[in-house]
Amino acid sequence: MHVPTLIAHKRDGGELSAAELRQLIDGYTRGEVPDYQMAAFAMAVFFRGMTAAETAALTQAMMAGGECFSHRAGHPPVVDKHSTGGIGDKVSLVLAPLLACAGCWVPMVSGRGLGITGGTLDKLEAIPGLRVRIGLDEAAAQLERLGVVMLGQTERLCPADKKLYALRDVTGTVPSIPLITASIMSKKLAESLDRLVLDVKYGSGAFMRTQQEAEVLAASLVAVGREMRVEVRAMLHPMSEPTGRTVGNALEVVEALECLEGGGPADLRDLVLDLAGALVGGARAALASLLDDGSARRKFDAMVAAQGGNPADLARLGAIHQAPIIREVAAPRGGVVATVDAGGIGQAALQLGAGRARASDGVDFAVGFDRLVKCGERVHHGQALCRIHARTAVDFDMAEAMVATAIGVE
Ligand code: URA
């Protein structure tokens, strides 16, 4: 394989064979293909796209380069959901334990923040001590015991996605339908699922800006899933305003805990119940009762403990990760909230430090937004539109200016 030729072929709009893609991915995983060549390849794919056959071959190559779950005979239904990425999207933190309470197995392999969107792994790591680097044997044992494990890609599980995901995040190559499809589906297929629901987002806070683009992405994800014999269903959801009232790693965990206890914002709870219903069927009220009676919260606590965290820390997460500056932004006038632009809020959260500028960067767990108003709410002049949690006064000023543009009151 001559990598520059292969990159040039894709750059010029050519089609790559399954064998070429397999060699490229294997070479990248082994460290023989350097990041700069893979970044150029990703950019070529971004501009030129891929055929359905190429996308399926890329997904297969990324999955096959690592280990896969192998569930014992007679296992309960193995299910999962994956979101294509959004702002304030803490659904996984609630949904995974809820599905386990409903009798499923949920071996959820997630990612970190990508572009302006947050990542489940970064949110989970806001819980002190909680490990998301978990080997397959340990994950399988936890699945057997609790029905839920939440983990990240490793050098052995989806190793190609682990590297490529981080590379795309910092090279402007995230919003590409074939790359998103291969990234998501290689992780999900490695889980050896029976059923998968895909939460495909569109709007200013998503990689797909329009519903039409989201439909194309959904079709690509479903096609690859079907080819690999997984029951896949895609649901489209707008991401024009953030999910819930918080954006930022620890702040989102706190809100997810509220939802796990039967409270929290209505849009978050509705989304969780919609996605859970799509996977397990049955009465919505039965699923809701698993939130309301504390079962899902107890399951989450058990998972936290199993993965090295201390459930007692959850109640004081806000104090553990307290930003030095926490201040309200006042409404410039009274009226009805017309926009809470997810893209603008996500961009501001990124600049505050909740996401990454370089692959090697850490995230700041404490910063972000809470008490965000929702579209359609009435506010009076001077009322708080949100609170900004910032590391420095300069950061606060920058975020405040961005909020002034993102939140419109009419
Ligand atoms: N989620 C993923 O896992 N990968 C992507 O590329 C986008 C969202």
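Which residue in β9 is the bridge partner of Val336? Keep that in mind while you set up the view. The model is predicted.

**Stop 1: the sheet**

Select residues 335-340, which make up strand β7. In general, strands of a sheet pair through backbone hydrogen bonds, in either a parallel or an antiparallel way.

**Stop 2: the bridges**

Zoom in on β7 and β9. They are joined by 2 bridges, in the antiparallel sense. Click Val336, and you have the reply to the opening question: its bridge partner in β9 is Arg378.

Turn to the pairing of β7 with β11. It is antiparallel too, and has 3 bridges. Pick Thr339, and look across to Gly408 in β11, which stands opposite. Then pick Val340; here the residue opposite is Ile407 of β11.

**Stop 3: the ligand**

Leave the sheet and select the ligand. Where does the ligand sit? Its place is the largest cavity.

Show the residues around the ligand, including His82, Thr84, Leu114, Tyr165, Ile180 and Phe207. By type, this shell splits into 5 nonpolar, 4 polar and 2 charged residues.

Colour β1 (79-83), α8 (159-169) and α9 (177-190). Each supplies at least two residues of the shell. Which element gives the largest share? That is α9, with 4 residues.

**Stop 4: polar atoms at the ligand**

Display side chains and check three of them.

- Arg168: a polar side-chain atom lies 2.8 Å from an oxygen atom of the ligand.
- Ser183: an N or O atom of the side chain is 2.7 Å from a nitrogen atom of the ligand.
- Lys187: an N or O atom of the side chain is 2.6 Å from an oxygen atom of the ligand.

How much of the ligand does the protein bury? Taken alone, the ligand exposes 240 Å², and the protein buries 97% of that.

Conventions:
Residues are numbered from 1 along each chain as its sequence is written. This is a predicted model: local features need pLDDT of at least 70, side-chain atom pairs count only at pLDDT 80 or more; totals for chains, interfaces and linings use all residues. Side-chain values use heavy atoms; hydrogens and water are left out. A residue is near a molecule or strand if one of its heavy atoms lies within 4 Å of it. A polar contact is a pair of N or O atoms within 3.5 Å; within protein, one must be able to donate a hydrogen and the other to accept it, and residues adjacent in sequence count only if both atoms are side-chain atoms. Accessible areas come from the Shrake-Rupley method with a 1.4 Å probe; for residues, only the protein chains shown count as cover. On a 1 Å grid over the protein atoms alone, a cavity is a set of points where a 1.4 Å probe fits but cannot get out, and a pocket is an open set with protein on both sides within 12 Å along at least five of seven lines; lining residues have an atom within 4 Å of a point. A molecule sits in a cavity or pocket if more than half of its atoms lie within 2 Å of its grid points. Ala, Val, Leu, Ile, Met, Phe, Trp, Tyr, Cys and Pro count as nonpolar, Asp, Glu, Lys and Arg as charged, and the others, Gly among them, as polar. Two strands pair if DSSP finds at least two bridges between them.
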